[in-house]
Amino acid sequence: MATDLQNTWHPIAASTDLVKRHVYQAQLLGREYAVWRADDGYVNIWENRCLHRGVRLSIGINDGRELKCQYHGWRYANRTAGCTYIPAHPADAPARTICNNTYPVAEASGLVWCGEHATGDLPDMSGFESVTALRGLPVNAPRDMVIEALGAYAFADGCSAQTDEHGVVTVTAADGQAVRFFVQPSDSNLSVIRGVLNQALDGAERIAALRHHNFLLDVLRSQVEARAAELETPEPMTPPIAKVSADLAEIPPEQEGGRTAELRVQVVDKTVTAEGIVSLRLEAIKGQLPTFQPGAHIDVHLQNGMVRQYSLTNGPGETDHYTIGVKREPDSRGGSVAIHDSLAVGDVLAVSAPHNNFPLRRDALHTVFVAGGIGVTPLLAMARALNSQGLSFEFHYFVQSHAHAAFRREMGEFGDALTLHKGLSPEDTGAKLRDILASPGHARHLYICGPGPMLEATRGIAADLGWSDEAVHFEYFKNTKEVDDTNSFQIELARSALSLNVPAGKTILEVLRENGINMESSCEQGACGTCRVGVIEGEVIHQDVYLNDAEKSAGKSIMTCVSRAASDRLILDI
Amino acid sequence: MIKLYDYELSGNCYKLRLLMSFLGLEYQTEAIDFYPGNQHKSDAFRRINPLGQLPVIDDDGLVLRDAQAILIYLASKYDPNGKWYPRDDAALLGQMAQWMAFADGITATSSAARLHDGLFYSSIDIDAARAGAHRLFRILDEHLFFAEEAGQDWICPGDHPTVADIACFPYVILSEEGGISRMTYPAIRRWCDRFKRIPGFIVMSGVFPAGPGFTDAAGVAA
């Protein structure tokens, strides 16, 4: 049950307390918060514990875009508090469910406000349109005792105090100067006096006023603490910290299968970023967009019923929108043309939450990006993440001409790490790639995205020059292979204890869904990796372009949207 | 070469390692087994420091004890720019001395609490030690708050940290090991971040590094 105090807003800091690249530590009704301002100005108020080992995030590092735990380096994104990287699992994308608790936040009247379950308006501040926030003064005493003492506060001639039903004390002097006090209930025996003056002061006047009130409040504090010390100290509050949210702890209900588009976003900006390429800025209609990691894509459900996948180009911490880049495909089946010609600013789209099957390692000594044309989009997000962390990389962007180079502004931050390769023939491109990939070296990783033929060529050259499969990461736009679905076979689901027949003409994915197994999928053509499933036993005919050759020959996983069994049966890890 | 009689977990020894790192000085250490060996109370060590305390340095035959005294000596002798202990400003000399004496108070309270909690010094009055540290931290936080208001990043006026910052830092940043939270000292917490960003900063056990500070597009720190 939420109490009245939990439902109302309380100041927990002055705005000036939250300097950039700092983590402020706060407490409200016994609950501790890690509070940090991102470089974009947003104030994050989170549970003060890392989801991994419970270490306080208030000793973590605010890098301006993400908060990094000091203990094992887990990184959490601005706004969403979703985990974006786990150093101990460098090859994996953290699950979206790894998300810290966030709390309501507001910034007004020179103060930062929070409430565990706060809704509704902030306290009325009429008469305090321009303010000076006083130095917050912690008092070792219960809130009520502090409020009572503030009723006798006098800072000038003819002061009179009024205390409202919420415990807000306003003290007005004869000359009209006034100070309004909010008492932050940190814990049962710890309160913080947060006052604001009804005028914006600066310079020497500001410092004099701050010192004057600080001195008077210090005297008041001594008196209140002496009184509180005579009483029995109340037990500290013990706010519960849920181990795991109820919806995650329970077995999920059976759901309709199929690609879901759980988010509604509005097109807020549509800009031509290069010849034949538009960038779209998508913002949530309400609430917060889910966490993404570099390399992630979303399904965009277009107004004409088509579903298309687009990579997010966002840098780390850019969590108030998604930006995608869409190339007008000359042989489009209607997807990119619909976006270029029909979609307008203000339109609402249904999109999926981000899928990330193209995760970025951040433990490489050096990372090489090779982007061709619109394939730049996922690699842009990746390089921005490395750049923000100061990790070593080089970015090669192959385009027809200068006019075809998209997202130049965003790439400006790469400096010398960026090389544009303009108008090269396939032969010249191959020669250039041989230069770029000449030294595979230790802990160097290569990420490739671009048109199929270029991607094939780059993978071939990398293999020739000694890059191992584990060091080469790629993502195809689409699977152009002809898919053969003429055979029929059995699948056994080891964890679900089901045995099913996959007939000719149907995919494993379709059969699973028909039988109530809720499967995530995205591109449904063997390119994106979302519907990947582990294989325990059986031979696989791989028809996707997601897995690399080593993974295909290992036979440990299968893309259920296109691939099939070579044997009579497959035992799958679902 | 300078020899530091050192104990890895000592905040007072850490003060000297910090300054020598800021100054880029080479030095050698001789490890003294403070706990559990109690080697600083041994007869052999008492010949070096009759008080039986760490740290001590031996600089080419000059033997000095007391972290604050050694800070003054090293900064005076080895800081070519005279920034860490400026000697030409009487007011500043007084302020540095005042805050270095204050740092001794932090050692007597916050460090004592840490010895009690971490190294089994059960005879220490832990409640008094913690209360004493909080009393000092309130004063330091207020001082640093108004320093910030005056556009001043460090304990003493000027645009460069001094030995006073080094003297105060270790047992402030290690206070939680003695059960002394710094939650209610936001200005101290910000100053700790600034201190950790001084070029040449090094950590010790229990002290974590800060990330890079904020600079705007023009490269100006804010």
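# Close-ups of a predicted two-chain model

Figure 1. Asn515(A) sits in the loop that links helix H10 (508–514) to E30 of chain A. Look back along the chain and you find Leu500(A), 15 residues away in sequence, with its C-alpha atom 8.5 Å from that of Asn515(A).

**Figure 2. Strand E34 of chain A and its partners E28 and E30.** Here strand E34 (residues 569–572) pairs with strand E28 (residues 489–493) of chain A in the parallel sense, over four bridges. To get your bearings, find Gln490(A), which stands opposite Arg569(A) in E34(A). Strand E30 (residues 532–537) of chain A also pairs with E34(A), this time antiparallel and over two bridges. On that side, Val535(A) has Leu572(A) of E34(A) as its bridge partner.

**Figure 3. A three-stranded sheet in chain A.** Strands E1, E10 and E9 of chain A line up in the order E1-E10-E9, making an open, antiparallel sheet. The edges belong to E1 (10–14) and E9 (105–108), each of which pairs on one side only. Ignoring direction, neighbouring strands are turned by 30° against each other on average. E9(A) and strand E10 (residues 111–114) of chain A are joined by four bridges and run antiparallel. Within that pair, Ala106(A) stands opposite Trp113(A) of E10(A).

**Figure 4. Chain B as a whole.** Of the 222 residues in chain B, 50% count as buried. Among contacts in chain B between residues at least 6 apart in sequence, 64% join residues at least 24 apart.

Figure 5. Four strands of chain B form an open sheet with mixed pairing, in the order E2-E1-E3-E4. Strand E2 (27–31) and strand E4 (62–65) of chain B each have a single partner strand, so one side of each is left without a neighbour in the sheet. On average, and with direction ignored, neighbouring strands here are turned by 20° against each other. Strand E3 (residues 56–59) of chain B runs antiparallel to E4(B), joined by four bridges; in this pair, Asp59(B) has Leu62(B) of E4(B) as its bridge partner. H1(B) packs on the sheet, touching strand E1 (2–6), E2 and E3 of chain B, and its direction makes about 150° with that of E1(B). H3(B) packs on the sheet too, touching E1, E3 and E4 of chain B, with its direction at about 30° to that of E3(B).

**Figure 6. Helix H6 of chain B, wrapped by other helices.** Why is helix H6 (residues 163–173) of chain B described as largely enclosed by the rest of the structure? Because 11 of its 11 residues are buried. Among them are Val163(B), Asp165(B), Pro170(B) and Ile173(B). The cover over these buried residues includes helix H1 (11–22), helix H3 (67–78), helix H4 (90–118), helix H5 (126–149) and helix H7 (186–196) of chain B.

**Figure 7. Phe169(B) and the nonpolar cores.** The largest nonpolar core has 86 residues, and Phe181(A), Phe169(B) and Trp191(B) are the ones that touch the most other members. Leaving aside residues up to four places away in sequence, Phe169(B) touches Tyr14(B), Leu18(B), Trp191(B), Cys192(B), Phe195(B), Lys196(B), Phe201(B) and Val207(B). There is also a second, separate core of 28 residues, including Ile277(A), Phe369(A), Leu420(A) and Tyr447(A).

How values were computed. Residues are numbered from 1 along each chain as its sequence is written. Chains are lettered from A and ligands numbered from 1 in the order in which they are written. This is a predicted model: local features need pLDDT of at least 70, side-chain atom pairs count only at pLDDT 80 or more; totals for chains, interfaces and linings use all residues. Side-chain values use heavy atoms; hydrogens and water are left out. Two strands pair if DSSP finds at least two bridges between them. Axes are lines fitted to C-alpha atoms, for helices over the stretch in contact, and angles run from 0 to 180 degrees between N-to-C directions. Buried means under 20% relative accessible area, exposed over 50%, partly exposed in between (1.4 Å probe, protein chains only). Contact means heavy atoms within 4.5 Å. A nonpolar core is a set of buried Ala, Val, Leu, Ile, Met, Phe, Trp, Tyr and Cys residues joined through side-chain atoms within 4.5 Å.
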